[in-house]
Amino acid sequence: MNLPLKSLRAFFRKSNQLINSKLSIATSVSPVGIRNVVKLSLVGAGIGTVIGITYSVYNLNKPLAHIINREITLPLLQDPPNIPISRRIRIPTDQSGLKLTLYQYQTCPFCCKVRAFLDYHGISYNVVEVDPVLRQSIKWSTYKKVPIVLAELNNGYQIFLDSSMIVSALSSYIKEPNRELRDIVKSYPQITFADESGATKYEIMNRYFLMLDKTVNTKEIEEERKWRKWADDVLVHTLSPNVYRTFAESLQSFNWFSEVGEWEKNFPAWERYFIIHVGALAMWIIGKRLKMRHNLKEDVRISLYDECNFFAKAVKEKGTPFIGGQRPNLADLAVYGILNSIEGCAAFQDVLDNSKIKTWYFTMKTAVSQHQGGQLL
Ligand SMILES: N[C@@H](CCC(=O)N[C@@H](CS)C(=O)NCC(=O)O)C(=O)O
């Protein structure tokens with residue numbers, strides 16, 4: 001029994017000696033050594049300060065937000081991209097003379113807005129369904145969002161970008177068809193600028209404006225513009241947190257997107273399976289961030305109902321079936337298109353049951369599906 005105790009003590013003694021000897025090595029620095037260490041530290045601190053100041057000066061002088069550096073006219077392609085058409089929408093009464101191809105996701109609210117405009121006016125068009133995860137069919141474009149419209153002209157294929165620009169430009173054309181489409185497009189230059197973080201952004205600043213020669217009722221056109229902007233800046237932001245509210249709801253939404261976008265026909269099985277599952281998971285996570293970014297209420301459904309009621313109240317106060325009066329205007333079409341994008345989702349049924357938008361929505365649905373605006377062409 002004694003032996004282990006003795007060995008333990010001996011072990012501690014040895015360890016102490018060893019530690020003391022190591023400590024003495026570590027602390028036995030000569031005055032010259034100390035001076036060198038101090039010198040080195042000062043040089044290091046000096047270099048650090050110079051780098052820090054240079055970096056700060058660079059950052060202070062770096063151009064900050066919204067510096068406009070380039071303005072271009074949307075280009076004319078000589079050859080169309082070699083992408084198969086997913087669907088051809090043909091309206092026998094179409095008199096517009098337009099030959100359009102819409103690159104889209106079937107349930108993207110901005111694409112639904114463009115389709116609502118085309119369908120209401122009875123304009124024929126081709127559809128290319130884009131895979132929302134891999135986006136193979138818009139590889140030819142430097143702009144990586146949908147909708148994109150290509151219009152076949154005599155001398156090439158005109159690119160239109162951004163749902164509101166597409167609607168404004170085509171609306172200007174069908175109101176005054178004597179003008180060249182290419183000239184109208186020149187009135188919507190794409191501006192390149194740097195945002196707050198310095199990232200390059202593209203925008204068509206006057207996308208809510210119509211380019212018309214004849215005089216129009218400015219009050220009406222201003223009101224239309226105000227609601228179109230509201231649809232893009234407010235209403236649309238209530239959708240994602242609602243349709244991707246839980247993982248189950250997100251999966252249900254993606255399965256519905258697959259059904260209406262005919263993904264089974266348009267994409268290989270592995271790609272479709274990948275989009276549905278990866279997309280549902282990603283959007284469920286992103287939906288939570290969007291809820292915070294756009295200041296939605298804790299129960300996101302309430303924010304959606306509030307915005308729908310806000311619009312329905314404005315229509316009611318007007319005393320006409322539409323915000324545009326007896327006929328839908330571009331604001332009605334924008335709000336309808338945006339809400340139409342979630343028609344198969346649980347959130348949509350909840351909106352119908354819990355807000356006052358239902359009557360207006362179904363009156364719009366009839367107007368769009370019967371191409372009632374075709375008479376205006
Ligand atoms: N301001 C654009 C917004 C278009 C937009 O954000 N589209 C979404 C689809 S709903 C998109 O393409 N996002 C890029 C992506 O899917 O990677 C418009 O009105 O057309």
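**View 1. The ligand shell holds seven nonpolar, two polar and three charged residues.** Ala, Val, Leu, Ile, Met, Phe, Trp, Tyr, Cys and Pro count as nonpolar, Asp, Glu, Lys and Arg as charged, and the others, Gly among them, as polar. The model is predicted: local features need pLDDT of at least 70, side-chain atom pairs count only at pLDDT 80 or more, and totals for chains, interfaces and linings use all residues. Numbering runs from 1 along each chain as its sequence is written. Around the ligand sit Tyr-105, Cys-108, Pro-109, Phe-110, Pro-132, Lys-144, Lys-145, Val-146, Pro-147, Asp-162, Ser-163 and Ser-164 (C-beta atom, placed from the backbone, within 6 Å of the ligand). Helix 3 (109–120) and helix 4 (163–175) each give two or more residues to this shell (helices are DSSP runs of H or I, at least four residues, numbered from the N terminus).

View 2. Buried means 20 or more other C-beta atoms within 10 Å of the residue's own, exposed 12 or fewer, and partly exposed in between, with C-beta atoms placed from the backbone.

**View 3. Helix 11 (residues 300–318) ends before Gly-319.** The phi of Gly-319 is positive, near 75 degrees. Buried residues of helix 11 include Leu-304, Cys-308 and Phe-311.
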